[in-house]
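Please consider the model shown here together with its sequence. A short briefing is given after it.

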Amino acid sequence: MLATRLYAPTLREVPSDADVVSQQLMLRAGFMRKVANGLYSFLPLGWRSIKKIEAIVREEMDRSMAQEIMMPILQPADMWKESGRWNAYGAEMMRINDRHDVEYCLGPTHEEMITTLVKHEINSYRQLPVNLYQIQSKFRDERRPRYGLMRSREFIMKDAYSFDIDEAGADISYQSMYDAYSRIFSRCGLTFRPVEADSGAIGGSKTHEFMAIAEAGEADIVHCTSCDYAANIEIGKPGIMKQEVEPLGELQIVDTPNASTIEAVANMLQLPLEKTMKAVVLSVDGKVVLAMVRGDHEVNEVAVQHAVNGSVEPEMATPEELASVGLTAGFISPVGLEQNENFLIVVDESIMESYNVCGGANKADAHYININPKRDFNVDDIIVAPIRFITDEDSCPICGSPLEKSKGIEVGQVFKLGTKYSESLDATFLDQNGRPTPMVMGCYGIGVSRTLAAAIEQYHDENGIILPRSIAPFEVVIVPINAKDESLMNVSQAVYNELLKNGVDVLLDDRKDRAGVKFKDADLIGYPLRITVSKNTLESQEVEIRIRKTGEAINCPINEVLEKVRALLFTL
Ligand code: ATP
Ligand code: MG
């Protein structure tokens, strides 16, 4: 490819509405352009990288005997109604009606469609196992589309679905996808970690998320410093933090005017945060749920959902909901409260091991001091559960060693689904004894476009992108210092032809711009290798090969360029 023909409009300025580095750099380097909130067009450079990620995904999926198919994006509502997810999926689903007023959605995922597909084709155990995948655009009307490709409303996903005759088979399929994902993300050059995760709305019994480690990540994860344990903090089970037993003080009400946050109360009463408790009021399945954790802990809504057997993820309760069960925002504690059919109280385990703590007095501008939960709560009438987020102050639930925290970008997730969809959609086969049996399913997603963003989050510097060679749009750029100089262009063209002929993904920057401009663009776009052809080349018969990642520059005789480029690319 010639730079004079390349459609790659670069920007000097950082776009003002880009909130993470990957988004800024992809806009600046001409990888993509924004269409609207959460919608992007890929330009040639970005699309080349996406295609390279897709190629890696295809190779590793095919190697594990998954087979590529392609299903429609447009999905009839009927099958979603049959599985029960038409309503459960909620506002994230993009819904449309056709001219006959028949309902459809733009696929956010394809469990329903694939299960409906295979149930008509597979009827004997002899046809199983099967694993089918596709790579296509998915649509989700995200509550907060942001961070460019990381959370967009239309994005590219690889989704795979496995069907097995039994649990043991499903475990093998799961492991094979887990291994394929590890190979895929390694080949994309990512620093990543598979973590235990929550299966969320999709259901199922076992799941791992593949997290690219990056500060810009939206997920918090913990991992053990000595064993293999790693988990999304949504699912990491915290231990019980016991406070030292103290003589129980007398329960008293104190005035705390306007101190409606736990920090303000702790400040006013000169208490350490762990001697306070805070309330978060949630709404789950139409019930108001009061969740209590220590002042220095945070409520894990997913854990609250599990504690109350909720069918959906909790939302914050509205002021009306608080009022409906008589709660006074900012001054709530379980003291004196009772559960009823519309109101549940869930208390974190560590609170039950606290002494003489401070909490809301259930009236405005007042708090209790010396709350002793075992004495002062209606202990037979509350739910006690681990509902706080695990922190790096906890120890590993498996081996007891210290934990470390990091931020991750979820680039993929594997689920063992069991028979949830095969039962609701009636996907059965005849087993060895001729008995109709539901297929045991797994599903496996990779955010292809999010993976590109994650890689750029991990690999960049102040000058631009530094993608690994495997997914960079081009591997090599050749920069003649002066494109008006015919002799320089002749050498450049010869090197270009040789690399091209030998399968190197190379771009010749034949633009008549100043060398400085071309170097800046080369750094911004992040070609792993830059070959500079200068006046010096004509004298010494050597070019300079510069490694984008390290900044190292090597002089190389013209007739050895191919060999050297191959050797260097191998390391990048
Ligand atoms: P998240 O928790 O980040 O919203 P998810 O768990 O809902 O993601 P899955 O249903 O597991 O997503 O989808 C499979 C993969 O698709 C994810 O691991 C992620 O890489 C990607 N993905 C999901 N939502 C988006 C999005 N809005 N934009 C880009 N990629 C996405
Ligand atoms: Mg997920």
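The points that follow concern a predicted model and are grouped by topic.

A mixed five-stranded sheet, a nonpolar core of 61 residues, a magnesium ion (ligand 2) and an aromatic cluster are treated in turn.

**The open sheet**

- Five strands make up an open sheet with mixed pairing, in the order β28-β27-β29-β30-β31.
- The edges are taken by β28 (506-508) and β31 (553-557); each has a single partner strand, so one side of each lacks a neighbour in the sheet.
- On average, neighbouring strands of this sheet are turned by 25 degrees against each other, direction ignored.
- Strand β27 (residues 476-480) runs parallel to β29, and five bridges join the two.
- In this pairing, Val-476 stands opposite Leu-529 of β29.
- Strand β29 (residues 529-533) pairs with strand β30 (residues 542-547) in the antiparallel sense, over four bridges.
- Ile-531 has Ile-545 of β30 as its bridge partner, and Thr-532 has Glu-544 of β30.

**Burial of strand β29**

- Five of the five residues of β29 are buried, so the strand is largely enclosed by the rest of the structure.
- In a regular strand, side chains alternate between the two faces of the sheet.
- In β29, Leu-529, Ile-531 and Val-533 point one way, whereas Arg-530 and Thr-532 point the other way, and all are buried.

**The nonpolar core and Tyr-181**

- Nonpolar side chains tend to be buried together in soluble globular proteins.
- The largest nonpolar core holds 61 residues, of which Tyr-181 and Leu-467 touch the most other members.
- Leaving aside residues up to four places away in sequence, Tyr-181 touches Met-61, Lys-158, Phe-210, Gly-412, Gln-413, Val-414, Tyr-444, Gly-445 and Ile-446.

**The magnesium ion**

- Glu-410 (OE) and Gln-413 (OE1) coordinate the magnesium ion (ligand 2), at 1.9 to 2.2 Å.
- Glu-410 has a relative accessibility of 26% and therefore counts as partly exposed.
- Gln-413, by contrast, is buried, with a relative accessible area of 9%.
- Gln-413 is a ligand of the magnesium ion and is also among the residues that Tyr-181 touches.

**Aromatic pairs and cluster**

- The count of aromatic pairs comes to nine.
- In one of them, the rings of Phe-185 and Phe-192 have their centres 5.9 Å apart and their planes at 55 degrees, so this pair is tilted.
- Phe-185 is buried, at a relative accessible area of 0%, whereas Phe-192 is partly exposed, at 21%.
- Phe-192 also forms a tilted pair with Phe-210, with 6.2 Å from centre to centre and 35 degrees between the planes.
- Because Phe-192 lies in strand β9 (residues 192-196) and Phe-210 in strand β10 (residues 206-213), this pair ties together parts that are 18 residues apart in sequence.
- Phe-210 counts as buried, with 0% relative accessibility.
- Tyr-178, Tyr-181, Phe-185, Phe-192 and Phe-210 form one aromatic cluster.

Notes
Residues are numbered from 1 along each chain as its sequence is written. Chains are lettered from A and ligands numbered from 1 in the order in which they are written. This is a predicted model: local features need pLDDT of at least 70, side-chain atom pairs count only at pLDDT 80 or more; totals for chains, interfaces and linings use all residues. Side-chain values use heavy atoms; hydrogens and water are left out. Two strands pair if DSSP finds at least two bridges between them. Axes are lines fitted to C-alpha atoms, for helices over the stretch in contact, and angles run from 0 to 180 degrees between N-to-C directions. A nonpolar core is a set of buried Ala, Val, Leu, Ile, Met, Phe, Trp, Tyr and Cys residues joined through side-chain atoms within 4.5 Å. Buried means under 20% relative accessible area, exposed over 50%, partly exposed in between (1.4 Å probe, protein chains only). Contact means heavy atoms within 4.5 Å. Donors are N, O and S atoms within 2.8 Å of the metal (3.2 Å for Na, K and Ca); water is not among the atoms, so sites may look incomplete. Rings of Phe, Tyr and Trp (its six-membered ring) pair if their centres lie within 6.5 Å; planes under 30 degrees apart count as stacked, over 60 as edge-to-face and the rest as tilted.
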